[in-house]
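Here is a short report on a protein and its ligand. Look at the structure first, then read on.

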Amino acid sequence: MPVSPFIAYRNGRLHHEEVDLEQLAATVGTPFYCYSKAAIQSAIRSCRAAFDPLGISIHYAVKANANLSVLRLMAAAGLGADIVSGGELARALQAGIRPEGIVFSGVGKQAREMGQALAAAIGQFNIESIPELELLEGVAREQGCRAAVALRVNPEVNANTHRNITTGVRGSKFGIPLDQLDQALAAVLRSPHLQLRGLAAHIGSQILDERPYRALCRLLARETLRLRELGVEIGHIDLGGGFGVDYGDGRTLAFETVAAIVEQELLPLSLRVAVEPGRSLVAGAGVMVSRVIYRKAAQPPFLILDAGMNDLMRPALYQAVHPLLPLAQHEATWVMANLVGPVCESTDLFQRDASVPASLGAGDLVAFQQAGAYAAVMSGTYNGRDLIPEVMVEGDTSRVIRRRLSQVDLMELEL
Ligand code: LLP
């Protein structure tokens, strides 16, 4: 069953919007990513419908899908951006995202990147350590300007998600430990080159449980009140992203749920609140289309695909499941199979004991769903493999929005 309403069988053939994916595969070559423009716009609309009425600002987490065509949709909708590198800054600006809507996160910002961001007059730096604060102070002094800063705390809230995408617990490299917060604040307040905007946090990704957000908001509200009593004006809270999407089991975390928690826990303190959704704006808009190369007999059989872990890393890194759809609709019996790629690694496994049509075999095409986020952006060229193309469909038209990077292209960069 298609998870996204923008994917459907028409006359037994899988379509993304109005585009026949098998026809597209014939022109683009497999494997490839395909995104629906309407699906992204629809996700943006639901996000805005939940957050706009409360005045909560939305900063798209560029890392989820940094293709310029995707970023342009965010810019056109008036969204800001959450970036983590000078590279993402360049992309966000190139796509037309307004600088004052850009928040710069990440634990390892370098002086050069800070300088670029200050020159571009971005809206806010989310600072994750005292040495980082000192470096930013120096760069701002050199450039004769003032950097707007939010202190990202490590709230020690367990987001109840996969351990590899949990960020707000003790022992995590992210955020300023709560017991160093006052020292960091003092450093901001005494510098003429830093301006305090408020507090920030991000507790993890693919979060389906609303309770960690409530715990986080309560903690941030408590800290705000404590600091205000000390005379420190906290006007702004950045809650990060992490809103979970449906990877086939029907579970999601609705934007409205998060908005309601913010309304109850933070807005009574007259705080301006921001969120940084990445996955929830793009995951559902994408599929990765791949062809079966072999069906290898075993119990259960292996379906060896032309896509590998270098193209879609999430299953290998997080045991993620991207539910599979055959491009040709099958009514017949479904059986178990292990879906694997061609890469020489045991972790090159998309899904063990996946349910597939009994007749699925060599030459057949399949689509991995929910592949719009943390998919193409995380792909690589291991095993001498191409960087696969990205396509965007709109109605019955399609456009290659990143061309294939072949080994010939790559070898040109080498001696
Ligand atoms: N803000 C900050 C500071 C972040 O670190 C992240 C994601 C986000 C916002 C956006 O989170 P989202 O709304 O997309 O969950 N590669 C992993 C996910 C890594 C998330 C990293 N940080 C995956 O494929 O599941």
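Which side chain has an N or O atom 3.3 Å from a nitrogen atom of the ligand? That side chain belongs to Asp 82. This is a predicted model, where local features need pLDDT of at least 70, side-chain atom pairs count only at pLDDT 80 or more, and totals for chains, interfaces and linings use all residues. Residues are numbered from 1 along each chain as its sequence is written, and side-chain values use heavy atoms, leaving out hydrogens and water.

| Ligand atom | Side chain | Distance |
|---|---|---|
| oxygen | Lys 63 | 3.3 Å |
| nitrogen | Asp 82 | 3.3 Å |
| nitrogen | Glu 276 | 2.5 Å |

Taken alone, the ligand exposes 580 Å². The protein buries 91% of that area, computed by the Shrake-Rupley method with a 1.4 Å probe.

What surrounds the ligand? A shell of 19 residues does, each with a heavy atom within 4 Å of the ligand. Among the closest are Ser 205, Arg 314 and Tyr 374. The shell divides into six nonpolar, seven polar and six charged residues. Here Asp, Glu, Lys and Arg count as charged.

The protein has domain 1 (7-36 + 283-414) and domain 2 (105-277), with bounds from an automatic or database assignment. Their centres, taken over C-alpha atoms, are 36 Å apart. Ten residues from domain 1 and eight residues from domain 2 make the contact, meaning heavy atoms within 4.5 Å. Each domain also gives at least three residues to the shell around the ligand.

Methods:
Polar contact = N/O pair within 3.5 Å; in protein donor to acceptor, adjacent residues only side chain to side chain.
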